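My plan was to look up one thing at a time and write down what I found.

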Amino acid sequence: MGYKYEVALSFAGEDRTFAETIAEGLRQNSINVFYDNFCAEDLWGEDLGVKLREIYRHSSQYCIMIISENYINKMWPNHERQQAIERMIKEKGKSYILPVRLDGFEGEVPGLSTLIGHLSVSRNEPSKIVEAFLKKIHIQRPFPNDQTSAVKFSEPKIPRFGNKFSDKEKNKFLKTSFKQITDLIEAYSETTQKENSGFEFDRENVSSRKTILTFYKDGKLINQCKIAIGGGFSSNSIVFSYGTHLDIGRDNAFNESVSIEEHDGDLKLKPLGMQMYSYPTGQKKLMSPAEMAEYFWEILFRDSF
């Protein structure tokens, strides 16, 4: 059978840096790898629940599953794992899932047999996974004049020191981030609706700068959120409010405010941290729009995961 991808990576958002280094190493060795950031155009506009089901159940020859405490508690990794396990069962135990236990994590992984061989690595050892995968599929691609290494990595990203981003670029990033966040939360809602009887949601685009999402269980309102550009401590920010009694028109009252930060030649989103004190992923860190959407989603339903 021909596969679209030689390997798909499954990981939690908190482990993205580790996963991306693996993905880059595999790609530099001409391995066709499914890593979401490499496939943004392919995923654009798709029903992610359906698309990821196809990738992890049918379209990949192998699945490298990066297992950590974060991994077993997240919605999308759980969805990916379910598809991969169903694929493995269908193929009667044929080698497909390649588990990687990160930083000594030894907890039980729902649905995954403890008899499946795994690799244990530290977060600073992504090259071990690349090397092991190349050996798994019997590929040796050493550096010129270096017969000891089978892994090539891309050149390091060169940071842009100083303030290199114009106000126009920051404003464009803000608007793009707002759209990505609201679209991802809608995608999470659609998947939840498909998998949970009685769960429904409604999205209202109040304007190009404000979106309301309302969530119901058996017809009863259980939560609501408002995501808007501006209205916080700066017009150059995104604010997030949630609850069952939101004041839709009042944008200067919010639960979380997100600002734009420049970091290593890139633009990132930084939450103020108003909700992080009570949430297990609570770290004041720079995030991508996708990570921010996941953070908002987990705030909304923290008691349901």
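**Entry 1: the whole chain.** I noted at the start that this is a predicted model. I looked up the secondary structure and found seven helices and 11 strands. Buried residues make up 47% of the 305 residues in the chain. The chain exposes about 16,100 Å², and carbon and sulfur atoms supply 48% of that area. I also looked up the contacts with a separation of 6 or more, and 54% of them join residues 24 or more positions apart.

Entry 2: In what order do the strands of the open sheet lie? I read the order as 6-7-8-9-10-11, with six strands and antiparallel pairing. Strand 6 (199-207) and strand 11 (266-271) are at the edges; each has a single partner strand, so one side of each has no neighbour in the sheet. From one strand to the next, the twist averages 20°. I reminded myself that strands of a sheet pair through backbone hydrogen bonds, either parallel or antiparallel.

I then took one pair by itself. Strand 6 and strand 7 (residues 210-217) are joined in the antiparallel sense by eight bridges. Across this pair, Phe201 stands opposite Phe215 in strand 7.

**Entry 3: helix 6.** Which strands does helix 6 lie across? Helix 6 (residues 167-195) lies across strand 6, strand 7, strand 8 (220-229), strand 9 (237-242), strand 10 (256-263) and strand 11. Helix 6 runs at about 160° to strand 6. I picked out Thr191, which is in helix 6. The relative accessible area of Thr191 is 7%, under the 20% cut-off, so I recorded Thr191 as buried. Not counting residues up to four places away in sequence, Thr191 touches Gly49 and Trp76.

**Entry 4: helix 7.** Helix 7 (residues 289-300) lies across strand 7, strand 8, strand 9, strand 10 and strand 11, and runs at about 20° to strand 9. I checked the length of helix 7: at 1.5 Å a residue, its 12 residues should span 16 Å, and the end C-alpha atoms are 17 Å apart, which agrees. I looked up the cover next and found that 11 of the 12 residues of helix 7 are buried. Among them are Met292, Tyr295, Phe296 and Trp297. The buried residues of helix 7 also include Glu291, Glu294 and Glu298.

**Entry 5: the core.** How many residues does the largest nonpolar core have? It has 81 residues, and those with the most contacts inside it are Leu26 and Ile64. Helix 6 gives the largest share of this core, eight residues. Leaving aside neighbours within four places in sequence, Leu26 is in contact with Val7, Leu9, Ile31, Val33, Ile64, Val130 and Phe133. In soluble globular proteins, nonpolar side chains tend to be buried together.

**Entry 6: two loop residues.** I looked for positive phi values outside glycine. Ser30 has a phi of about 65° and is found in the loop between helix 1 (16-28) and strand 2 (33-34). Is Ser30 buried or exposed? Ser30 is exposed, with a relative accessible area of 55%. The phi of Asp218 is near 55°, and Asp218 is in the loop between strand 7 and strand 8. Asp218 has a relative accessible area of 60%, so I recorded Asp218 as exposed.

Technical notes: Residues numbered from 1 in each chain as written. Predicted model: local features only at pLDDT ≥ 70, side-chain atom pairs only at ≥ 80, totals over all residues. Heavy atoms only, no water. Pairing = 2+ DSSP bridges. Helix = DSSP H or I, 4+ residues; strand = E, 2+ residues; numbered from the N terminus. Axes fitted to C-alpha atoms, helices over the stretch in contact; angles between N-to-C directions. Contact = heavy atoms within 4.5 Å. Buried < 20%, exposed > 50% of the residue type's maximum accessible area, 1.4 Å probe, protein only. Expected span 1.5 Å × (residues − 1). Core = buried A, V, L, I, M, F, W, Y, C linked by side-chain atoms within 4.5 Å. Areas by Shrake-Rupley, 256 points an atom, 1.4 Å probe, with all protein chains shown as cover.
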